Amino acid sequence: MSTAKETIGIGMVGHAFMGAVHSHAWRSVHRFFTPPLIPRLAVLGGRDEVRAKAAAERFGWEAVETDWRALIARDDVDLVDICTPGDSHAEIAIAALEAGKHVLCEKPLANTLAEAEAMAEAAAKARANGVRSMVAFNYRRVPALAHARKLVASGALGEIRHVRSVYLQDWLSDPLSPMTWRLHKDKAGSGALGDLGAHIVDAAQFVTGEDITGVSALTDTFVKERPDGSGGTGQVTVDDTALFLGRFTGGAVASFEATRFALGRKNAMRLEINGSKASLAFDFESMNELSFFDGGQPATEAGFRRILVTEPEHPYVGVWWPPGHLLGYEHTFTNEVADLLTAIGDSTDPEPSFEDGLRVQQVLDAVERSALEEARWTAVPGVTAKGSN
């Protein structure tokens with residue numbers, strides 16, 4: 001009797017940095033996990049045919065399309081993976097969902113709140129017809145963060161009081177670094193706020209299991225013009241840094257910082273949670289570890305202890321390597337697509353959903369509005385803190 005699994009045709013739009021890591025994930029997922037569907041790298045989309053063909057050959061895609069509409073229309077595409085700048089997310093995702101294609105969309109979900117609302121509405125309509133969608137917050141698939149969520153949900157930390165999260169990079173610290181699409185608001189939506197802040201907002205909400213209810217924010221742009229590659233300069237129209245305070249639905253207070261100007265920090269995505277019983281801390285630059293402080297220990301022996309999150313009982317780890325053999329950035333994307341394929345095969349809703357992406361977008365929108373009003377406290381729609389009227 002044949003044990004061959006059904007395949008699912010993947011059409012990916014975009015082939016730069018995110019396209020490379022997504023390609024690796026689609027190629028490797030069924031070699032480690034046992035998803036109910038086997039991905040087939042059917043077609044890669046890119047505007048420049050020569051570059052797209054080179055990327056397709058390099059990453060293992062069978063065909064190329066230079067028009068994303070043609071990619072969606074193909075019979076061999078069952079799922080559309082969106083790895084483009086944010087200005088095209090809404091149009092591509094909505095068209096794919098309306099065509100009955102499953103969708104994986106890179107973060108942040110959209111450039112504007114209105115776009116994110118339209119995408120969530122399209123996802124809800126498509127879901128009624130069995131079409132699934134997911135936003136690619138890959139840090140949810142870091143085993144240590146997934147384990148942190150379990151610890152919080154178990155009550156190990158007690159009542160959550162403080163949440164602090166930062167995302168620090170330094171790749172724009174040099175004022176002579178050239179313009180990229182990430183520095184144009186019409187392409188990227190925002191700067192460090194959307195690029196990095198979206199991750200720490202989602203990670204904090206994911207680990208705590210609570211939503212942010214309101215914010216007080218500051219943003220700044222340190223370098224307002226950069227070389228444009230043609231001998232001139234271009235105007236930077238996004239934020240270089242965003243800092244904001246917040247409150248969670250359970251009443252905890254929070255602080256967030258996102259910047260691409262922290263010299264010496266390459267990818268320091270950090271989250272610390274302080275509860276009434278214990279504290280935990282995570283730093284992506286040591287992504288296989290958690291730090292845990294048990295407040296019940298006597299002061300003479302108390303201290304943060306290191307949890308090496310590489311045991312087979314830890315989330316996702318069992319399919320990979322023996323204990324102590326570390327995972328890396330690329331594994332988070334493989335874990336991500338494994339969850340998506342399982343949800344599609346089991347006819348369940350994957351997480352994070354487009355609604356989860358919308359909730360992050362609502363926070364980002366509130367941050368921008370607060371910063372424009374000199375850090376005025378700005379409520380996030382639809383959520384209320386414990387004890388609020």
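The legends below describe close-up views of a predicted model. Local features are given only at pLDDT of at least 70 and side-chain atom pairs only at pLDDT 80 or more, whereas totals for chains, interfaces and linings use all residues. Residues are numbered from 1 along each chain as its sequence is written, and side-chain values use heavy atoms, with hydrogens and water left out.

View 1. The protein chain is divided into domain 1 (7–138) and domain 2 (141–379), with bounds that come from an automatic or database domain assignment. The C-alpha centres of the two domains are 23 Å apart, and their contact (heavy atoms within 4.5 Å) takes 48 residues from domain 1 and 48 residues from domain 2. Between them the domains bury about 4200 Å², of which 70% is on carbon and sulfur atoms; buried area is the accessible area, for a 1.4 Å probe, that two parts lose on being put together, summed over both. M134, F137 and N138 supply 20% of the area that domain 1 buries against domain 2, more than any other three residues.

**View 2. Polar and charged pairs across the domain interface.** Between domain 1 and domain 2 there are 13 residue pairs in polar contact, both residues being at pLDDT 80 or more. A polar contact is a pair of N or O atoms within 3.5 Å; within protein, one must be able to donate a hydrogen and the other to accept it, and residues adjacent in sequence count only if both atoms are side-chain atoms. The interface also holds 5 salt bridges, each defined as a side-chain nitrogen of Lys or Arg within 4 Å of a carboxyl oxygen of Asp or Glu. In the salt bridge of E355 with R127, the closest N and O atoms are 2.9 Å apart.

**View 3. A salt bridge within helix 2.** Among the 25 salt bridges counted by this rule is that of K53 with E49, whose closest N and O atoms are 3.2 Å apart. K53 and E49 are 4 residues apart in helix 2 (residues 49–59), and are therefore separated by about one helical turn. Helices (H or I, at least four residues) and strands (E, at least two) are DSSP runs, numbered from the N terminus.

View 4. The whole structure contains 12 aromatic pairs, in which rings of Phe, Tyr and Trp (its six-membered ring) have centres within 6.5 Å, with planes under 30 degrees apart counted as stacked, over 60 as edge-to-face and the rest as tilted. The rings of F222 and F261 have centres 5.1 Å apart and planes at 65°, so the pair is edge-to-face. Because F222 lies in the loop between strand 8 (212–220) and strand 9 (225–227) and F261 in the loop between strand 12 (253–259) and strand 13 (268–275), the pair ties together parts that are 39 residues apart in sequence.

**View 5. Backbone features in loops.** Most residues other than glycine have a negative phi, and most peptide bonds are trans. The peptide bond from K107 to P108 is cis, with omega near -15°, and P108 lies in the loop between strand 5 and helix 5. A cis peptide bond also leads from E351 to P352, with omega near 0°, where P352 is placed in the loop between helix 9 (329–346) and helix 10 (354–372). S347 is found in the loop between helix 9 and helix 10, and its phi, near 55°, is a positive value in a residue other than glycine.
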